[in-house]
Amino acid sequence: MFDRIREKLEILADAAKYDVSCSSSGSNRKNLNKGLGDAEGMGICHTYTEDGRCVSLLKILLTNHCIYDCAFCVSRRSNDIKRAAFTVDEVVELTMNFYRRNYIEGLFLSSGIFKDGDYTMERLLRIVKKLRVEEKFNGYIHLKTIPGASPELLKEAGLYADRMSINLEMPTELGLKLLAPEKSHEDVKRPLDLIHKSIIQLKDEKALIKSTPKFVPAGQSTQMVIGATPESDKEIMHTADKFYKDYSLKRVYYSGYIPISHDNRLPVIGSQPPLIRENRLYQTDWLMRFYGFDVKEILNDANPNLDVDIDPKLSWALRNLDQFPVDINTAEYQMILRVPGIGVGSAKKIVQARQFGNLRMDQLKKIGISFNRAKHFIRYADSPIKLNDFEAGHIKGIILSESKSKYLKTPVNQLSLF
Amino acid sequence: MEIYVFDGALEGLLTAIFDSYERKAMQVNVVSSDRYLPDVFQESHLVISSDNKANRVWKGLRKKLDTDWMKKFYNSFLSEQPDLFQDLFDFARYIFDNPAGAETNFGNNCVLSVSQMERKVHREKHRMEAFIRFQQTADGIFYAHIEPDYNVLPLISDHFRKRYADQKWIIFDLKRKYGLFFDLEKVEEITFDFTAEMSSNLNTLPAQVLDPKEELYSLLWKDYFRSTNIPARKNMKLHIQHVPKRYWKYLSEKQM
């Protein structure tokens, strides 16, 4: 019994780890019933794996049996691996006992598809219902939407889950068809749209009737696998942008493909996952969501791919030197945000602090901006008189030689040919 | 320049602020009595903590600062850092001596120090909310001990009370020798000295006082931690940045 549970957890946690979502924030489920758990406000990462990813939720599959045969997935039908399935009670007990010991913020429950969508979705629903109703559990629950499940089941699940998500898998329809002929982006859009509309509908009702039940309070998210198919960064981020806009997603996750199968459509086993690229995509995502950038400013036909050696904000600034230098003491907040080396926190502090007098270099440094980077793009109270305008390549060279990239072990300063 | 020696408590610090106005002092150095070394060349004033004076200063601050900043003031104080006593003292005087809104002048040194220290205390509080690992004892109490850099127990009490409303729990600070006990109704401060038999390097209670199922769940958690790792992405630098080594002793998954 003891050993069987250990084995199941090993198999079903291992199979679920490629889902990158780990967020446990943004819900509003208070512990009002003297039960266990509280899911309001900030999420908590209780530990981190050795690869540096946050562990916030007990992330498991209900089963890794699956009727689909997607080339990029470990649990695909044709893969010769050990299979297992949890019972409803096992998942409930694991969640409650992990939560009681402060190991986790809640449950992330996904599943391979056995029999069909509805059969699988029904079991997921039984688990969340039991946790909420019988066990009085108020922790965070992220539920994976099972493609092909009926609208009634999805809507009911939304009453118990804090977040729901369904993976786009590949950034374009073409890429998806290549690796998972049985799936399509349409199958993803349908449930996203259904949940999105239900969230809006219940929000409207809530304005009238106070007792309206919670419905997916932490919103929806999705993820794309990067680097398994040959899409450009532009295609990836434009897809993300469209999904953010159409379905008000809370997050889009980008998951660098880790080769797991011998399939000539995919990168060979042993090749490194595209970690730098993944990082650059997340930075772009941040620029879109928190820095007021339009995706087209960063990625367009002239620049279809992100630079590897510098981050997208610096890259945008170097392409738009005519918009700089920005005067720290007079520029608008939105423009200060666009300066490489200045983040949201420092930008806010700058705007507040300058009301008390013009800011100098030493103050900007103390406030916490990355001065060596920002200095090329700003003017401040005691900025030195500039003798000549540097050109983009020169600034980039200086910044690269001054900064230690976490990716480049030995910095390569390429000489200009002309 | 005058030295004010206070007892190291918040009330004492607030009294010192009161005294400095009463005594029309210009430049004051505050120091807690346990760190004070008498110096014949410098005048010193012994601050006698007073409820009344402290309350008046606190109320005065509240007129000029919003709740958020009052919390920041308190949180920074919990850092127990000697340098910060001076910053808090200067900060309070700066707030009193200037028109409303002075706390947003991040170009001012004491404003910046207080707000930066508050971030550090906040981060430590958040880490304790993350890294505490309870063990269930045979009599049904969930127990954990910690040794945080700053005195964050007062800040995490609410978080755990809200979250674990249906189980009894104890969180004990080994460094400061006091703890919190939740008895299903309210959280109480407790002090008992069992540090002698408790090794801080081991975040475990002796097996005989634990619930028989405790070992199973701790083992399942360790298994889970291992199987959720992706070796192809291994990045120990990032791992240690997120989970600094000084916290490993709290973490059951780090005890193999």
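1. A:Ser248 sits in the loop between helix H7 (233-247) and strand E10 (251-256) of chain A; helices (H or I, at least four residues) and strands (E, at least two) are DSSP runs, numbered from the N terminus. Although not a glycine, A:Ser248 has a positive phi of about 45°. With a relative accessible area of 45%, A:Ser248 is partly exposed (buried is under 20%, exposed over 50%, partly exposed in between; 1.4 Å probe, protein chains only).

2. A word on the basis: this is a predicted model, where local features need pLDDT of at least 70 and side-chain atom pairs count only at pLDDT 80 or more, while totals for chains, interfaces and linings use all residues. Residues are numbered from 1 along each chain as its sequence is written, chains are lettered from A and ligands numbered from 1 in the order written, and side-chain values use heavy atoms, leaving out hydrogens and water.

3. A:Lys34 also deserves a look: this non-glycine has a positive phi of about 55°. The loop between strand E1 (28-29) and strand E2 (39-40) of chain A holds A:Lys34, which is partly exposed at 47% relative accessible area. Most residues other than glycine have a negative phi, and most peptide bonds are trans.

4. On that note, the peptide bond from A:Phe324 to A:Pro325 is cis, with omega near 0°. A:Pro325 lies in the loop between helix H10 (312-319) and strand E11 (326-327) of chain A.

5. Over in chain B, B:Ser227 belongs to helix H7 (residues 214-227) and is buried, at 7% relative accessibility. Leaving aside neighbours within four places in sequence, B:Ser227 is in contact (heavy atoms within 4.5 Å) with A:Leu9, A:Glu10, A:Ala13, A:Asp14 and A:Lys17.
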